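I opened the notebook to look up a few places in this structure. The entries follow in the order I made them.

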Amino acid sequence: MSRTALRICPLCEATCGLTLTIEGTRVTGARGDRDDVFSRGFICPKGASFGAIDGDPDRLRGPLVRRDGELREATWTEAFDAVAAGLRPVVERYGPHAVGVVLGNPNVHTMAGALYPQVLLGALGTRSVFTASTVDQMPKHVSCGLLYGDANAIPVPDLDHTDHLLLIGANPLESNGSLCTAPDFPGKLKALKARGGTLTVIDPRRTRTAKLADRHIAVRPGTDALLLAAMAYVLFDEHLVELGELASRVEGVDELRSAVRDFTPEAVAGSCDVDADEIRALARELAAAPTAAVYGRIGSCTVPHGTLASWLVDVLNILTGNLDRPGGALFPQAATDRTPRPAGPGRGFALGRWHSRVSQYPEAKGELPLSALAEEIDTATAEGEPIRALIVSAANPVLSAPDGARLDKALGSLDFMVSVDPYLNETARHADVVLPPPPPSQSPHHDFAFNTLAVRNQVRYTRPAIPLEPGRMAETEIFARLILAATGMHGADPAAVDTMVIDQTLGKAVKDPNSPVHGRDPHEVAAQLTGDTGPERRLDMMLRLGPYGDGFGVRPDGLTLRQLLAHPHGIDLGPLASRLPQPLKTRSGKVELLPQPIVDDLPRLRQAMSDRADGLVLVGRRHLRSNNSWMHNVPALTGGTNRCTLHIHPDDAERLGVVDGAPVRVKGAGGEVTAPAEITDALRRGVVSLPHGWGHDRPGTRLSHAAADPGVNVNQLLDGSQLDPLSGNAVLNGVPVEVAALTTPL
């Protein structure tokens, strides 16, 4: 007898609602939930493959502990005993910074990954923190932190209402959107065009998104910031700057005018390979549109000037008066956001509060560059202890970070490593303890992070579709026990972690004059919380304290967990709306258009106008059926066009003697790889492309399908030395490579 259950899809940032078909304890089908208040039935191939991902036979069913050099099955008690025995001696002998923590992309797709890592970091006290953000989006966090005083205050394009959308380095028809949570992004772009709007795409590849565009600009990779700076110059030069209602909330306009005076379209045209008249047309069209939004993503972040490019995206929205207005770029308001405080000056955003031990890279948003992880493990200095133990959660930096070969070796030298991962992958194979969370069907789901980036305000929560199988442990309990084991409280009740967080949060809230529970007894307030588990009680607390919440009885119609459970398809909270100045936390209380770190980095951008390199440059690419390295073990999501091939333009292929399907050697500063060539005119001359996340050929993993067609690790072409200096983000795109045809077949 089959049944159905609702589930929010955790497989990409679109967060679509699913209706699962379940037979016994197995998911046998998935379709879009037509009644979902946000996604309205949309589904992509990843969501349709939910059952295959959920039931992958290579998923670990229980913990593994290394004994006599081999990872062997163990009980949960044995696993956490080993964690405590492995981590605590390192902390006690060498200090907390000798324990590194690596957090991967899938953490933000689970409730546990959203609720517990910050508790772990706070309790552990380590500064050796690395995440996927520094191979992806950190430039956007840094630029928004500098502009608005809050690294998480990221405006998103109002896709449903804009008249003109300019995308740079973004391919949402393949990625489903990123730092912009929007189910059915393709449908929203088609609706934009249907209502007479304009879509412009700036990308060196003619992606599926670019094919839909009214104008496609095939910019030279890595020159995004130059192009955007020239557009800002045109807005000033042709008197097209119109701040509108932003005028009283922005400082630094005149200083910005002077800062971009050298970036004329004529000056940058040669570097960008974009005609000066076309650059002027881009700026004029943006300024002339009734409403417009500029949106940049990974292609404009993972380049030498990623923070400057991300900053300039917002600068263009500001100069055209499109920030914080419907149809432009707006700040979402998530249901679990903190209680809104009155508008006014804040503490601002600081960079470089500490530095990495070896290369002295500055921290950004509390993180060090993932590119520096290997040297922080394998290099001794007088600046403190190297990382001797590592906690890795849902991360595979051997494939996602530059120079995976060096990191692979470094991981083998650690005193101790624990991995929270459902797979024994290229990174987890080094662990002394592997703690596998259950499959997503057996976990609850609420999108804490992605609702802060959603193109419509809404709130949804789904409980587990299938009860936890015997022998499994909830991911939330895994994290709670990990926190206890790592901080000297091994053996305590894991529920104590949630109780501690609730007590601390409400203890602060009752002392906050802006809180709805100000002046009340925190124990009386805590007693009102509902939920079957600690994580549900924490969700209820956040909802009730949040901007739509009931304030624990202050607003009787306000949001609570009980109300959310009564609406299984979610609750619509309305379209995005203007919110300034409330989100601003800068010291001035205004949008600080030209912060000093940006000023200090602009000379490097000016130098880039004369630094054009000859030869081929490499860019990455995404596929609709992939999400980094963690879906290649599912047969339904690999094969066809989702293959690890080197895309190369026909003219470059002819010049180099490359034959379609034949092997080619690609060499970069960090090493070389061999992959089959795929000749295509979908990318501009002088550019080649390899996809991210492949290279499943190392021994000791349990990824049977991925290992059968492993592909190559594109990040092995990088030596890790190229970083965006403001954010520490790895430079993955626009890097020089050499390509040579090989005669030996693969």
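I counted a salt bridge where a side-chain nitrogen of Lys or Arg lies within 4 Å of a carboxyl oxygen of Asp or Glu. The model is predicted, so local features need pLDDT of at least 70 and side-chain atom pairs 80 or more, while totals for chains, interfaces and linings use all residues. Residues are numbered from 1 along each chain as its sequence is written, and side-chain values use heavy atoms, without hydrogens and water.

Entry one: salt bridges. I found 41 of them in the structure. I looked up Glu238 and Arg284, whose side chains meet in a salt bridge (2.8 Å, N to O). This pair links distant parts of the chain, 46 residues apart: Glu238 is in the loop between α10 and β12, and Arg284 is in helix α13. Helices (H or I, at least four residues) and strands (E, at least two) are DSSP runs, numbered from the N terminus.

Entry two: exposure. I took buried as under 20% relative accessible area, exposed as over 50% and partly exposed as in between (1.4 Å probe, protein chains only). Glu238 is partly exposed at 24%, and Arg284 is partly exposed at 40%. Arg472 also forms a salt bridge, with Glu469, at 3.4 Å between the closest N and O atoms. Here Arg472 is buried at 12%, and Glu469 is buried at 18%.

I checked residues 138–148 and found 11 of the 11 buried, so the helix is largely enclosed by the rest of the structure. Gly149 follows α6 and has a positive phi, near 85 degrees.
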